[in-house]
Amino acid sequence: MSWGFLRDILSGVTKYSTGIGRIWLAIVFIFRLLVYVVAAEHVWKNEQQEFECNIRQPGCENVCFDHFFPISQIRLWALQLIMVSTPSLLVVLHVAYRESREKRHKKKLYKTPGSMDGGLLCTYLISLIFKTGFEIGFLVLFYKLYGGFNVPRLVKCDMRPCPNTVDCYISKPTEKKVFLYFVVVTSCLCIVLNVSELSYLIFKYTIKCCLKRYDKKVQTMKSECQKLKYVDPDEPASTALFHSNASPVLVNMPDKPESNLPTDLRG
Amino acid sequence: MDWGTLQKVLGGVNKHSTSIGKIWLTVLFIFRVMILVVAAERVWGDEQSDFVCNTLQPGCKNVCYDYFFPISHIRLWALQLIFVSTPALLVAMHIAHRRHEKKRQLTSGEKVDIEELNKQKFHIQGPLWWTYTCSIFFRIIFEAVFMYVFYVLYDGYEMPRLLKCSVWPCPNTVDCFVSRPTEKTMFTIFMLSVSGICMLLNVAEICYLVIKFCMKAPRKPATLK
């Protein structure tokens, strides 16, 4: 169980994503997961052993490290990667649910189980909202926990059992800062992609909906036109049509002198 | 999740590359990624623990190490390899897009063999030529930028044996000794040379593509006549 597991699960999501969704996945895989595993993890590897305080008091270093790093930046980054990737699984679960439904009823219920319409579209939109929410949440958490995205070289600690104020030095602060900025930039990029995907999908399906409704209206009007092209005045249905506010009606006049129906009914 | 994932993704692009592109990919994976993983990482593994300063002042070693190595060679190489590989993804995305379009066109009428469609090789012409050429151009830019960053950050490509540090809290000037400087210099020069070879291959590939394009263009009016 490692990052490969997450990668395998997310690879399954590609099939049901839009173009922007695939770009988002590529950025998460290459610029976040891969950079984390091959580079960033090593920077924070010995962070506590290399955290040094100018004091001989036993326990002071431990207490100060714990005070300044309640949760290590690298662990927070790992949690962020996991939380941000998991909403995509909602889509995979929904498609699996659709497929099992089709199997149970033994007939075709959907155009294809993976087609983006109706319930699946809602699930996709919800997953996008959650992804964006988690990204913003973690960025705010990073900012609040560490007082910005800065990693200072020196921190002053006065926790018990340290006597008075003690200077403590963080290892590799510049390198850690570089990687934190990297996290922020890639997070912001992913937020932008999620928001644009959300707007694109909402816009696309609103237009589709409006066009469908317009199409339907045109179709009903056309079919009414067709129906009333040749109407026998003796037909009972025709009387109802004559009195409705429909478009002009062409009447097939029989050769009966007693017929007193109007030849042109334009309402 | 490691370099193997990158290799899988780029392996897909290999099919549609030119011969020079295939050589470039081989050089990248064998002489850069593999060397980084099996050798260079071990050499730099103990870089901070074996960085020794001639002082008892707590914190001085940390601060001097951070001052002289703002970002470690190993991490810079890893980032360089990731950035240099990513333009190839543009090509992979373009090919995936074309496959997707073809599938949509064909499934509306005829039966289509998905396996055959996936194995089909796309020739580098038309819009794909532009994507491919742009990706090579970006590769060259990234290589050059990283080589320049290395040069600026470390004042050349040699790893010094002794560094003189006078950053606070170190008292006055302190001598600090880098671990394995000769081995690190050798690896730095090796990685630099392979970077240079990759740049040359990319430049050669661009020239080849441009010449091919120019040779094709005048033929077209001749055939129209």
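The model is predicted. It scores ipTM 0.75 and pTM 0.77.

**Confidence**

- Chain A has an average pLDDT of 82. In chain A, 84% of the residues score at least 70.
- Chain B has a mean pLDDT of 85. In chain B, 89% of the residues reach 70 or more.
- One stretch of chain A calls for care in reading. Over residues 246–267 of chain A, pLDDT stays under 50. The model has 25 contacts beyond four places in sequence for that stretch.

**Regions named in UniProt**

- The feature "domain: Connexin N-terminal" is placed by UniProt at residues 42–75 of chain B, in an unreviewed entry. That span of chain B is 41% helix and 6% strand. Its end C-alpha atoms lie 13 Å apart.
- UniProt also lists "domain: Connexin N-terminal" for residues 42–75 of chain A, again from an unreviewed entry. Here the chain is 41% helix and 6% strand, with the end C-alpha atoms 13 Å apart.
- For chain A, an unreviewed UniProt entry gives the feature "transmembrane region" at residues 21–39, 77–97, 118–143 and 179–203.
- Residues 21–39 of chain A are 100% helix and 0% strand. The end C-alpha atoms of this span are 25 Å apart.
- Residues 77–97 of chain A are 90% helix and 0% strand. The end C-alpha atoms of this span are 32 Å apart.

**Helix packing in chain A**

- Two packed helices are described by the angle between their axes and the distance between the axes.
- Take helix 1 (residues 3–13) and helix 4 (residues 73–85) of chain A. Their axes come within 11 Å and cross at roughly 20°. Angles under 35 degrees count as roughly parallel, so helix 1 of chain A is roughly parallel to helix 4 of chain A.
- The crossing of helix 1 of chain A with helix 4 of chain A is left-handed.
- Helix 1 of chain A brings A:Trp3, A:Leu6 and A:Leu10 to the contact. Helix 4 of chain A meets them with A:Ala78, A:Leu81, A:Ile82 and A:Ser85.
- This contact of helix 1 with helix 4 of chain A has six nonpolar residues, one polar residue and no charged residues.

**Helix packing in chain B**

- Helix 1 (residues 3–14) and helix 2 (residues 19–43) of chain B have axes that come within 11 Å. They cross at roughly 175°. Angles over 145 degrees count as roughly antiparallel, so helix 1 of chain B is roughly antiparallel to helix 2 of chain B.
- From helix 1 of chain B come B:Trp3, B:Leu6, B:Gln7, B:Leu10 and B:Asn14. They meet residues of helix 2 of chain B, including B:Lys22, B:Leu25, B:Phe29 and B:Val33.
- By class, the contact of helix 1 with helix 2 of chain B has nine nonpolar, two polar and one charged.
- Helix 4 (residues 73–85) of chain B packs on helix 7 (residues 127–154) of chain B at about 165°. Their axes are 9 Å apart. That angle makes helix 4 of chain B roughly antiparallel to helix 7 of chain B.
- The crossing of helix 4 and helix 7 of chain B is right-handed.
- Helix 4 of chain B contributes residues including B:His73, B:Leu76, B:Trp77 and B:Phe83 to the contact. Among those from helix 7 of chain B are B:Arg139, B:Phe142, B:Glu143 and B:Phe146.
- The residues in this contact of helix 4 with helix 7 of chain B split into eleven nonpolar, two polar and two charged.

**Backbone details in loops**

- In chain A, A:Arg160 and A:Pro161 are joined by a cis peptide bond, with omega about 5°. A:Pro161 sits in the loop between strand 2 (154–157) and strand 3 (166–169) of chain A.
- A:Asn164 is also found in the loop between strand 2 and strand 3 of chain A. A:Asn164 is not a glycine, yet its phi is positive, at about 55°.
- In chain B, a cis peptide bond joins B:Trp168 and B:Pro169, with omega about 10°. B:Pro169 lies in the loop between strand 2 (162–165) and strand 3 (174–177) of chain B.

Terms used:
Residues numbered from 1 in each chain as written. Chains lettered and ligands numbered in written order. Predicted model: local features only at pLDDT ≥ 70, side-chain atom pairs only at ≥ 80, totals over all residues. Heavy atoms only, no water. Axes fitted to C-alpha atoms, helices over the stretch in contact; angles between N-to-C directions. Helix = DSSP H or I, 4+ residues; strand = E, 2+ residues; numbered from the N terminus. Parallel < 35°, antiparallel > 145°, perpendicular 65-115°, else oblique. Left-handed = near helix turned anticlockwise from the far one by under 90°. Contact = heavy atoms within 4.5 Å. Nonpolar A, V, L, I, M, F, W, Y, C, P; charged D, E, K, R; others polar. UniProt positions renumbered as here; feature names shortened; annotations may be inferred. pLDDT = per-residue confidence, 0-100.
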